[in-house]
Amino acid sequence: MTANYFNPVHSVYGPGALLSLPKLLGGRKAALVTFPEARQLGLLARLEGVLGAQLACVIDQVLPNPDVAELAATHEAFWREHADVEVIVAVGGGSAIDTAKALMVGTASGRFQELVDLLRTGAAFTPHAVKTLIAVPTTAGTGSEVTPWATIWDRESQKKYSLHLPQTWPTAALIDPELMLSLPPAVTLQSGLDALSHALESIWNVNANPVSDAFAISAVKDILDVLPRLMRELGNLELRGRMALAALKAGMAFSNTKTALAHSISYEMTLRYGLPHGIACSFPLPMVLARAIGRRDDRDAVLEQALGGPLSSAPVRLARFIEQFGVGTRFCDYGVSDEEAEQMVLHAQGGARGKNFIGSAEETLA
């Protein structure tokens, strides 16, 4: 079998990777997109010191799960006031990087609604204008720094849109575990489980190939080993570095396969029940794993490499792994009835990400 794998992102990994930023900018001015707490954590001052005169503006009011209602004013003001800025530097978790990806795409009218209307059609389009993106994750889990996708939410309409264009790949990703040392326990856990979901979802995937499998297997093994220890030693730079590398490998895997059924389920759980993304996409993993086993011999072999054997007990072992962190792995743990759960899974199977799953779309909830 011929494997096709593509990832154009220049990745810099390791403690001190942030110091590569000025050279990567090459003298160009940059807009910094980050989260509100960056100032009180001292991260904003550090970034200002690294960027110096190359820093053109700061957008630091990024909110979790960026919503169209919140993005519109920010997007329009950015393109109106800083159209000459060539590069956006996104520093933060998935929401900061997703926000930056939304900001990097300009519209002919200057209105954000034009972009939303294009996303609503689901059709490919060529952006009117686009800026370069450098992504600097401060969490180990999102993978957004090495993928072209951004999730944009519309809570009023109970919808989510996926922005993904050839132009929305970051040019570079700086993965510096020193930036993750201040992450609180909840964010550390949620992002770590998100990375686990990315890795597993890229295995039980119709788009999987030997290259994505290599990244995914390594990521799963590392996360199963490192995450429990990291939750006990949040200030351990070595463990932070290993977790950051595992999340990067998971991102490299699903950058080519996309996610699958667990993520498709997660979108409704976030919209309806407000579950944080990392929890929403990881709690159904044991259930989805049970559905994946036995579907294809080649996928079973890869899952066994990642999770160990025997594969028949893997769903139970995976559930125990997730539950040790106080995360329920059943729909009823989140107030979802069996009937609603069945309908939610069926709906998720028909979604764009659900169709990537190797299981049958006709199967009902076990």
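This note reviews side-chain contacts in the structure above.

1. The model is predicted: local features require pLDDT of at least 70 and side-chain atom pairs count only at pLDDT 80 or more, whereas totals for chains, interfaces and linings use all residues. Residues are numbered from 1 along each chain as its sequence is written, and side-chain values use heavy atoms, with hydrogens and water left out.

2. Rings of Phe, Tyr and Trp (its six-membered ring) are paired if their centres lie within 6.5 Å, with planes under 30 degrees apart counted as stacked, over 60 as edge-to-face and the rest as tilted. The count by this rule is eight aromatic pairs. One of them is the edge-to-face pair of Phe 6 and Trp 169, at 5.8 Å centre to centre and 90° between the planes. Phe 6 belongs to the segment before β1 (10-13) and Trp 169 to the loop between β9 (159-164) and β10 (172-175), 163 residues apart; strands (E, at least two residues) and helices (H or I, at least four) are DSSP runs, numbered from the N terminus. Phe 6 is exposed at 53% relative accessible area, while Trp 169 is buried at 13% (buried is under 20%, exposed over 50%, partly exposed in between; 1.4 Å probe, protein chains only).

3. Trp 153 and Tyr 267 also pair edge-to-face, with 6.1 Å between centres and 65° between planes. Trp 153 lies in strand β8 (residues 149-154) and Tyr 267 in helix α9 (residues 261-273), 114 residues apart. Both residues are buried. Lys 160 lies over the face of Tyr 267, 4.1 Å from the ring centre; the criterion is NZ of Lys or CZ of Arg within 6 Å of the ring centre and within 35 degrees of the ring normal.

4. The largest nonpolar core has 67 residues, of which Trp 204, Ile 265, Met 269 and Phe 331 touch the most other members. Such a core is a set of buried Ala, Val, Leu, Ile, Met, Phe, Trp, Tyr and Cys residues joined through side-chain atoms within 4.5 Å. Helix α8 (residues 237-257) gives the most to this core, nine residues. Phe 331 also forms one aromatic cluster with Phe 283 and Tyr 334.

5. There are 15 salt bridges, each a side-chain nitrogen of Lys or Arg within 4 Å of a carboxyl oxygen of Asp or Glu. Among them, Asp 225 and Arg 242 have their closest N and O atoms 2.9 Å apart. Asp 225 is in helix α7 (residues 210-232) and Arg 242 in helix α8, so this bridge ties together parts 17 residues apart in sequence. Asp 225 is partly exposed at 34%, as is Arg 242 at 28%.
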